[in-house]
Every structure is written in C-alpha cells, then in structure tokens.
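This report describes a sheet, a chain interface and a nonpolar core, in that order.

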Amino acid sequence: MTRAFTLVLAALMLGAWGAGPACGRDRGALVILRGSDSDNYDPVRSTARASGEVLEMMGDTLTSMDWDLKTVRPGLAQSWDVSPGGLTYVFHLRAGVRFCDGRPMTAEDVAYSLNRLVAPATHSPVAWRAGPVETITASDPLTVRYQLKRPYGELLAQLSLFFTTIVDRHAVETLGRDFGVRGFNGTGPYCWGGWQPRQELVLHRHRGYDWGPPVYHSPVPQIDTIVWRVIPDDTSRLIALQSDQGDVSQYMPYYAIDGIARTSGLHLAGQPAYRFDYILGFKITKPVVGDPVIRRALQMAVDRKALASAVFFGQADAADDYINPNAPDAVPVGVAAYDPEGARRLLEAHGWVLGPDGVRVRDGQRASFTLYAFSDPTDTILSEVLQAYFHKVGIEMVVQLWDATIGWSKLGTQEFGAFIMGYPYFSAHEALNLFFSSHNIPTPNRMNWRDPETDRLLADASAAVDPAVRRDALTRLQEKLTQSDLWIPLGREKLWEVSSDRVQGVRAHGLYGIGLYKGLDMRLSP
Amino acid sequence: MTGRARFRNAAAFRTSPRAGTCMKRYVAYRVAVTMPVLLGVLVVGFLLMQVVPSDPAAVRAGPQASAEVVAALREEMGLNRALPMRFALYLRQLARGDLGRSLINDAPVATELGRAIGPSMELMTACLLWSVPVAVALGTFAAYRRNSVFDRAIVMLSIGAASVPVFFVGLLAIWIGGFWWQLLPFTGRGGPFWTRAGLASLVLPAFTLGFVLLGAVVRITRTAVLDALSSDHVRTARAKGLSEWSVTLRHALRNALIPIVTLVGLQIGYLIGGAVATEIIFSWPGMGRLAVNAITSSDLPMAQGAILVIAAAFVLTNLAVDLLQLLLDPRIRR
C-alpha cells in the first residue's frame, strides 16, 4: 500500500512539475472562456448565443453589421439592389470566396442555405427572421434573387445574423443529423477543428480568407488557432483569466467588473451600443394585472436607477423606455416616473383600499398576482427587489422561480400574471413585432396583447420602404404600448469583453449578444 | 483465536468444496438481486423525467419561438406519444443496446455517456489512489497514538475535511495551485492521464475530491482500528510479545478493513455521479456535469441514460464491496 501511495504521489508531483508555469497550455492558441456550450452548431437549429459566437467565426452571412449595431454593411454580398416596391432583393456576391474545404462558394450555396432555413421541414424556430419569402434563387454563380411576398424592411439587418450563415450543401447532406455536431463547412475566417461537448471547441485559421466584413481593419484572421473553452463556474473563469489560462471572455460576473478594471494585466472593452434588456411583462388577460390602474401603479413603484445599481452592480443602465435609445427607430416616450406616493394615491382614487394585511382590496379582489421567472441569480434578485417595491404600494406579488428546465414551457402557459425576461435585439421593429404581434400569442407575446391597431402599425412598419414611414408607425406604436404599461423596463445590460495582456485588438461588438463577432482584428502579443 | 489463526482458518475455509459452493450461491444471488434493482431504476428514472413539468421542445425552440414551432418540434421529437408507448419504445431500444439519441443535439446517448464515463473514472481513481491510503494511514496512526497531540490534530483535520464544502476546497486549490503558484491547470481536462497535460490537469480536481473523502475515511479507520485494538485477538497478540506497531498494522488494521471497504465502496458510486461541484469548478467533463446538463435542458434520453449509468455504478460497486467483504470476513461465508 505504501509503495502504491508513493508511486501515485510521485506521478502527481511529476504531473505538477511537468505542467510548470502557465500550466503547459499551447502558447500559439487564443483561449476564449465562456460559461456554457451550445447543443449544436447548425445555424438553423440553434438559437443559443453560445452557438452564434462560434458560428460567426466559422461562417459568413450575406450582410454584416457595423459597430453601431444599426448600419448594415456588405458581407458575402458586396452589393445589393432593392426593387422600388421592396419585394425583390438582388444580391451580388463576392468573387473568390471559398469554403474551408477549398470548394468555391456560389449563389447556389446561398440559395440552398437560406431555403433550408425557411423550409417547413426544418422546423427552425428562427425561420421568421428571413421574412415572408416567396422564392430564393440563384440567377447566376454570383447573383442571388430574394423574392418576398410582402415588403420586409428589416431583411438586410436580419441577414447579418448567424441564423442565416451560408453553409456547404455537400457537408449538410453528408453529415446529416451530425452537421454542426461532428463537423461544419463554412466560409468564415476560422474553420472547424474539433468539438468536445461541454469542454472545448477548436477552430483553425481559414487559409486564404481575405473577405472579412469592412467593419474590421483587417479582412484577414490574425490567429492560427482559437480554443473556445467552457468553464461553468464564474470564479474559476475569473481566476483563469488572471492566471494566464485564458485570454478573452465576455462572461464575467457583474460584481467583478469594477475589480477587473483596476487589475493590471486585464483590459475591458465595452460596447455602448449594446442592446440586451430586462423587462417585467404583464399578462393583461389575468385579474388584477389586467387593470391598467394597477399596472400604472406598479410602474410608478419601481426605482429603476436603484435597480440598475443594486441588482446589476452598476453593470446595467436604468431603462425608462421599452426600447433602447441606441436601437433604430427607438422613441424616447418614457414610462411613468418613480413615484410611490403617487402610486398609492392613484390606487386609492380608483377604489383599491389597503386591507388589514397590507394588501389592497377592491370589490373583494385582493391586489395580488403571481410572477414567473427563472431561478438564475439575476432573475432571483430582481424578483425579490420588485416584490419589496410593490409591497410598499400595497400590491402583493407572489414569486415563483423556475429552473431553466421548466421555465420556458411555463412561460408558454396562461398560469401567471407577470414574468421577467432578458433578451437581445437590434431594432425597435424586431423587438415590438416579436413580443406584441397578436400572431405571437401565447408566446413570445406572453402579455396576450391582442390589438388590431398594434398589428396594423407593425405591418405598416414592416412593409415600409421609406424609413420615415416606418419610423412614424413605430413611434405611434411605442407611444401606445408605453401608455398601456404592458412592460416595466428593468435595466439595460452592458457588454464587456475582458482580455489579458497576451491579446491585442479585442473589441466588443454585441450583435445578438455576441461579443467578439468575427474577431478579425484580434492578435496575440509578440 | 489469534488473528493469524483466524486468517489461517479462513484460508482453509476458502479452499473447502462446501465453502466454494456457498460462495458461488452467494455471488449468484447477489448478481440476481441487482437485476430487479436496475429495472426499478429504469422505471423510476423514466417516470421521474416524465412527471417533471418541462417541455424539451420549448427548451430546444428557445424563447423567441412561436407556439406553432414548439408544437411542430414536439411532434418531431415524439413527445406527443402516450407515456406507455414511449416507455415501451425506450425498453425496446434498450434491449437492442441502444440508449437513444439526445433530444437537444441529436447525438447518440451512448456516445455522449462514453465520453463522460472515462474522465469520471479517471478522476475517481486518482482521487481514491491518493486519499484512501493517506486517510487509512492517518486514521491508523491516530488510533496508534490515541489521545496524543497527533491524534487530536488528525481528528481535527478529518472533521475539517468532512465539514468544508467541496467548492470551497476547490476554489482554494485553484487559488493556490493555479493562481498563486501558477503551477497547475484548472480549466478542464488536458487529455488522458498518461499524457503530461492530462496528468497535470488531474491533480487539482483529484486533490479536491479526495480531500472531501479524506475526513470520513480517517474517522472510520481510527474508530475501527481502536475497536480492533481492544479485541481479544489483539490482546493475545500483545501477550505474545509483538510490538504495538506490529499489532496495530498486522492484527488491528486488517480487521478494521471491513467498514473501511464498505465506506469507500459506497463513496465510489457517489464519486462517479455526484462529483458535480468538483466537475463544475474544474470544468471536468464527467458524468455528474453531463447528468445535470441533461436534466436542466430537459434532454430526457440523455438524463435517463446518465441516471442508468450512475445507478448501475452504485449497484455494481455495492456488489463488488459485498464480494470483497466475503473475502475479508469469514463470518459472512458461514
């Protein structure tokens, strides 16, 4: 036994010695740390950010998005023409684009990839992003014709998202169900090297790639190997960056950001145009929260500045509107200001009198409703703080937190009165259409907001070819929705990319919450 | 009867034809008993995953999917079939040795489990290889020097090891070994243990997991050795003039092994599936993390497969412990 123990100890010490400083990592590879992995890397099957951040590097889209997250730039399409009625888009592709296996990319590949996204058999949860497609066809090897049934003003922006990544038909058909699991063939700056689920995904530089979007200084990738490594624990991830076991991460806990800013050897890159908002939504067909007076009082009961500071450790901006002012077509309407005394008066004036247990009552109805939220740290703290705010004006909110296992299916039910949700978006129209169109009841329109005028304004905005017409429709819609107090905006999360001294050129992008985007300007320090 | 005589008798018993038949019967009985247990695990595991009010289709579709898309996915994933039919299909698949495919990434469950079981076994073995000998040595030494300063220090260490949460030990190990000394990696498995990177990456998680096990094994070893030291055969050994160290190691510890083996055996099952905190802190791609991920993403076939493997590990370890006790304790064989 003693001998065996000595041998084991010696082996472990040898391992430790062998590891040495910097722990034996490959110094030529850039290690990006994140908290979770994706279930697959097929652009039409996965909606996870973890999938998108790798797909942005492995693939390209017809258009790209500038750093302001508003301006659409060329991608694989170097230019496009739009018909006067906005029904036909003709994309002119770059010449000389190749897949990772060396095969030239043609318009047939583009048409195949986009048709695959919208095909009913694919059951893609994001097919709607491609708009009301009539046909997508290849006119010649470098021209794609995108024909719509109705005008869709957001098409070019939607085509910059990773869901519309152009893939190799041969790879899709060869790998079948394993496409994006065992392999991938795209035209992006980095190529699939290997994936160990829940551990790491390795990418290699795409030799010959020089067609990066014009938003970067360099159209060519600068790094030979990129390792996307999963470290689920926040603290381990933070220490890994500090101890040279990782180079870049956008997944740092809120509480650590101020400390990171003061830590030598670590650098923060922010993105002021980032849009990832937290909201509390009301299911207006339920008792109590169906009363506009209650919703207005709840709106007035919340100190949004304090919320951003306390819950998000200052890593969120207070939100006074439904839509981030940086987003296209956002209008500063302003929800009701923090005024708990005013909220109490409003409730009293409308017959909601304080009961003996501190909860208001009207016609035998207690001012009480149930909130569904996720049991993650942010939702949990938000729920508790909001519960306290609401209690101060005499309204009871019963909090029911759900594990991610159950949460999304529970949010598809009619059981709750309110819910908390965080979501990324890039324009007012995208967010409002997704969450307030009556076609999307019961989910993602979890408010059950069924309003013909809303649907009409959304349709007008969607079909508008003239930006002024779209903005006018969306302005009226934002005013109407804000007046109806369907949401309480809770905070706008900030995006930070944290990097070590080993890497230069890190910049936070933030399209669909993806920090590094294509990472073309990143390079390892000499 | 002295300890030496007992073992001589036991050896004679092992070689006798009657004892051989008894042992075979006992082994056959224990193996037969595991079958209904595993079947029970299958049924309970399947039903448990069905009663959880989760919807894998909603998870896969994501937060922005419409109700129609979720419904279509539910149909495609076979979730609309009746419960008995799903169970029957599951059993038919199992009979063919097929654990099905993941609802989330469509990968074969057996492949995914195969990927996770290796790292789990590696971590468990490394943990046992350092912690059990150390714990047994410390526990025996504490019993040998009972009521001394060493005894008290070892008892305090064991209580501390058993009381400190595993995540705290893990973070401390990362802080010292990874950050302060920058000596050892802690960001996942570097490869198989026979490679330099693999061995280095194994050190901190194995230390963390083993440290938690250490406390319990030290305590039980000390108690068992102390019990054995007060028994008749040990008194006889002392009367024969053997040294106290020899009595402790050769007579007391040998008899004390039975409860130690039982405890370590039970811990093995836990180490395969229950080392979730260690696996998360060190990003170790083991069974615990796989099972938790499967459950939190409503991946029913994957969760059922993981439950089955973890349960089988428990059952088989218990079987091995029972058989080992058969060798260690002649009384069981009678």
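## Sheet, interface and core

In this predicted model, strand E18 (residues 368-374) of chain A pairs with strand E20 (residues 418-424) of chain A in the parallel sense, over 2 bridges. Within E20(A), A:Phe419 is the bridge partner of A:Tyr372.

Both strands belong to an open sheet of 6 strands in chain A, ordered E14-E21-E13-E20-E18-E19, with mixed pairing. Strand E14 (316-317) and strand E19 (396-402) of chain A stand at its edges; each has a single partner strand, so one side of each is left without a neighbour in the sheet. Helix H9 (residues 304-311) of chain A packs on the sheet, where it touches E14 and strand E21 (487-493) of chain A. The direction of this helix makes about 40° with that of E21(A).

Turning to the interface, 54 residues of chain B are in contact with 54 residues of chain A. On the chain B side, helices that each supply at least two residues include helix H6 (109-144) and helix H9 (196-229). The residues of that side divide as follows.

| Class, chain B side touching chain A | Number of residues |
|---|---|
| Nonpolar | 34 residues |
| Polar | 14 residues |

The largest nonpolar core has 232 residues, and B:Cys127, B:Val217 and B:Ala306 have the most contacts inside it. H9(B) gives the most to this core, with 20 residues. Domain 1 (26-271 + 500-524) and domain 2 (276-492) of chain A both contribute residues, so the core lies between them. Not counting residues up to four places away in sequence, B:Cys127 touches B:Ala206, B:Leu209, B:Gly210, B:Leu213 and B:Leu271.

How values were computed
Residues are numbered from 1 along each chain as its sequence is written. Chains are lettered from A and ligands numbered from 1 in the order in which they are written. This is a predicted model: local features need pLDDT of at least 70, side-chain atom pairs count only at pLDDT 80 or more; totals for chains, interfaces and linings use all residues. Two strands pair if DSSP finds at least two bridges between them. Helices (H or I, at least four residues) and strands (E, at least two) are DSSP runs, numbered from the N terminus. Two residues are in contact if their C-beta atoms, placed from the backbone, lie within 7 Å. Axes are lines fitted to C-alpha atoms, for helices over the stretch in contact, and angles run from 0 to 180 degrees between N-to-C directions. Ala, Val, Leu, Ile, Met, Phe, Trp, Tyr, Cys and Pro count as nonpolar, Asp, Glu, Lys and Arg as charged, and the others, Gly among them, as polar. A nonpolar core is a set of buried Ala, Val, Leu, Ile, Met, Phe, Trp, Tyr and Cys residues joined through C-beta atoms within 7 Å. A residue is buried if 20 or more other C-beta atoms lie within 10 Å of its own, exposed if 12 or fewer, and partly exposed in between; C-beta atoms are placed from the backbone. Domain bounds come from an automatic or database domain assignment.
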